[in-house]
2 protein chains.
Amino acid sequence: MAITSTYTVKGMTCGHCVRSVEEEVGEVPGVTGVEVELETGRLTVHSEAPIAADRIEAAVKEAGYELVTG
Amino acid sequence: MAITSTYTVKGMTCGHCVRSVEEEVGEVPGVTGVEVELETGRLTVHSEAPIAADRIEAAVKEAGYELVTG
């Protein structure tokens, strides 16, 4: 099963921020791929099984940013 | 001899940028201390002997930024 989930990250200002988010989210168990777009804040997460959104949110916070929710 | 030189860096947007500049400039031979202020772009370099400005400029470029000159 190939799952793609998208989130929006706020607060990223440069390529270093993008790499921080990519690294932290990439370490979440089950994540097989991550893409982050600086301009829009779009975070795309690939996995083979569903991953709880709060795991992704925690990884984003670990990197120093927040998800746009709601 | 304690020398303090100041420069202005443009293009830094976040703390990651600041750390990149601090690291690169800190590796320039003779540099004994570096301070970078994100809001103003001010880069302060401490050394015991004069350091050619182009060494500092090269380090800033290595980090991915530019000095404001003139």
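Predicted model: local features only at pLDDT ≥ 70, side-chain atom pairs only at ≥ 80, totals over all residues.
Colleague: How many residues of chain A are in contact with chain B?

Modeller: Contact here means heavy atoms within 4.5 Å. On the chain B side, six residues take part. On the chain A side, the number is six.

Colleague: How much area do chain A and chain B bury between them?

Modeller: The size of an interface is often given as the accessible area lost when the parts come together. Carbon and sulfur atoms hold 56% of the buried area here. The total for chain A and chain B is about 420 Å².

Colleague: Which residues in chain A lose the most area to chain B?

Modeller: Three residues together make up 77% of what the chain A side buries. They are A:T13, A:C14 and A:H16.

Colleague: Is B:S20 buried or exposed?

Modeller: B:S20 sits in helix α1 of chain B, residues 15–26. Leaving out residues up to four places away in sequence, B:S20 touches A:H16, B:A63 and B:Y65. Its relative accessibility is 15%, and the cut-off is under 20%, so B:S20 counts as buried.

Colleague: Where does A:T44 lie, and is it buried or exposed?

Modeller: A:T44 lies in strand β3 of chain A, residues 42–47. Beyond four places in sequence, A:T44 touches A:T4, A:S5, A:T6, A:G33, A:V34 and A:E35. The relative accessible area of A:T44 is 11%, under the 20% cut-off, so A:T44 is buried.

Colleague: What is the C-alpha to C-alpha distance between A:R42 and A:Y7?

Modeller: A:R42 is also placed in strand β3 of chain A. A:R42 is partly exposed, at 47% relative accessible area. A:R42 touches A:T6, A:Y7, A:E35, A:V36 and A:E37, not counting residues up to four places away in sequence. A:R42 and A:Y7 are 35 residues apart in sequence, and their C-alpha distance is 5.9 Å.

Colleague: How far apart are the end C-alpha atoms of residues 3–68 of chain A?

Modeller: An unreviewed UniProt entry annotates residues 3–68 of chain A as "domain: HMA". The span is 35% helix and 33% strand. The end C-alpha atoms lie apart by 20 Å.

Notes:
Residues numbered from 1 in each chain as written. Chains lettered and ligands numbered in written order. Heavy atoms only, no water. Buried area = accessible area lost by both parts, 1.4 Å probe. Helix = DSSP H or I, 4+ residues; strand = E, 2+ residues; numbered from the N terminus. Buried < 20%, exposed > 50% of the residue type's maximum accessible area, 1.4 Å probe, protein only. UniProt positions renumbered as here; feature names shortened; annotations may be inferred.
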